[in-house]
Amino acid sequence: MQEVFFMYRVIKVLNNNGILVLDDASGQEQILLGNGVGFGHRMGERMAELPKGRRYELVNEKTSALTRVNGIDPIYIEAAGKIIEMAEATMGPLQHDILIPMADHIAMAAARAREKKEIPNPFQHDIAALFGDEYEAARKGCEILKKMTGTALGEDEAGFIALHIHAGLAQENVADSLETARLVGVCMTMIEEGAGKKLPYGSLGYNRLMSHVRYMLARARKGERTDLDLEAYAKEQFPFEYALAEQILKKLEQELRLVLAKEETGFLAIHIRRVTGGETA
């Protein structure tokens, strides 16, 4: 008789549509989601192979997944899985470690919504402009959640969920995504105050400027440099915008505690000129 090797152990049955298992070979915890994958299984059960479903490998969790999932209603874990699946269909693979943090967030957001104690999101417009695809996926995610639980989340929460989706896409943590949105907002405010006028929110030039600042921040964090050096040209042609760009970079260096590459000043000055100086962006 051929010996059967049991590779997986059930740590917890979440509900009929989800189980938390341990891969004995790798020591890796996984959540398996799908219609009926939890039905008939029990804690401690050993399996040679997993039922068909979507696997969420939890490789970067600082605490055990069991500790995390015990505090979350399984319906929100299932909802988070459906949101990730929907986002991946249009945006490509996401880091699956966002499953539990996203489920935890939407569970708390749903509780706040039921109590009418929603938290305002001061960066909601910046998030929507910076991470447009993620924001649209988050709005659809809110619709998924409403169908599953009957709880409606507003635009502010869509912004927060978009940060989780972006974190999974960019393989960074939600705090870094939120900090990027905040710093981009700081830069846009400084540009508006320096130029003495409101920028045309939502215009092509505005969105390009926001995207430029976003990638400038990413380059600074990674220690990368741009191949385009427009320092001399920008300083001579657009002295006002260049001086404003210098102020902004100085502010960012203070916030990030990093030194930004010198050529970023000229590059930013030209983007500022495009959106404030009447040029076609």
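Good morning, colleagues. Please keep in mind that this is a predicted model. The chain holds 11 helices and 5 strands. Its C-alpha trace spans about 85 × 45 × 30 Å along the principal axes. Of its 281 residues, 47% count as buried. Turning to contacts with a separation of 6 or more, 67% of them come from residues 24 or more positions apart.

Let me begin with the sheet. The 5 strands form an open sheet with antiparallel pairing, and their order is S4-S1-S2-S3-S5. Which strands stand at the edges? They are S4, residues 46-47, and S5, residues 54-58. Each has a single partner strand, so one side of each is left without a neighbour in the sheet.

To give one point of reference, Val 13 has Ile 19 in S2 as its bridge partner.

Helix H2, residues 74-91, lies across S1, S3 (28-33) and S5, and runs at about 105° to S5.

H2 brings us to the helix pairs. The axes of H2 and H5 come within 9 Å and cross at roughly 145°, and this crossing is right-handed. On the H2 side, the residues in contact include Ile 75, Tyr 76, Ile 83, Met 86 and Met 91. They belong to a set that meets residues of H5, among them Ala 137, Ile 144, Leu 145 and Met 148.

H5, residues 132-149, also packs against H6, residues 155-170: their axes come within 8 Å and cross at roughly 120°. That angle makes H5 oblique to H6. Here too, H5 passes H6 in a right-handed crossing. The H5 residues in this contact include Glu 134, Tyr 135, Ala 138 and Cys 142, and those from H6 include Ala 158, Gly 159, Ile 161, Ile 165 and Leu 169. Glu 134 and Ala 137 of H5 are listed in the contact with H2 and also in the contact with H6.

I now turn to the aromatic residues. How many aromatic pairs does the structure hold? There are 2. In one of them, the ring centres of Tyr 201 and Tyr 206 lie 5.1 Å apart with the planes at 65°, so the pair is edge-to-face. Tyr 201 counts as partly exposed, at 45% relative accessibility, whereas Tyr 206 counts as buried, at 5%. Another pair joins Tyr 233 and Phe 238, whose ring centres are 5.9 Å apart and whose planes stand at 90°, so this pair is edge-to-face as well. Tyr 233 counts as partly exposed, at 45% relative accessibility, and Phe 238 counts as buried, at 9%.

Finally, I would draw your attention to one arginine. Arg 112 has its place in helix H3, residues 99-114. Is Arg 112 buried or exposed? Its relative accessible area is 17%; the cut-off for a buried residue is under 20%, so Arg 112 counts as buried. Leaving aside residues up to four places away in sequence, Arg 112 touches His 105, Lys 117, Glu 118, Ile 119 and Glu 157.

Thank you for your attention.

Note on methods
Residues numbered from 1 in each chain as written. Predicted model: local features only at pLDDT ≥ 70, side-chain atom pairs only at ≥ 80, totals over all residues. Heavy atoms only, no water. Pairing = 2+ DSSP bridges. Helix = DSSP H or I, 4+ residues; strand = E, 2+ residues; numbered from the N terminus. Contact = heavy atoms within 4.5 Å. Axes fitted to C-alpha atoms, helices over the stretch in contact; angles between N-to-C directions. Phe/Tyr/Trp six-rings, centres within 6.5 Å; stacked < 30°, edge-to-face > 60°. Buried < 20%, exposed > 50% of the residue type's maximum accessible area, 1.4 Å probe, protein only. Parallel < 35°, antiparallel > 145°, perpendicular 65-115°, else oblique. Left-handed = near helix turned anticlockwise from the far one by under 90°.
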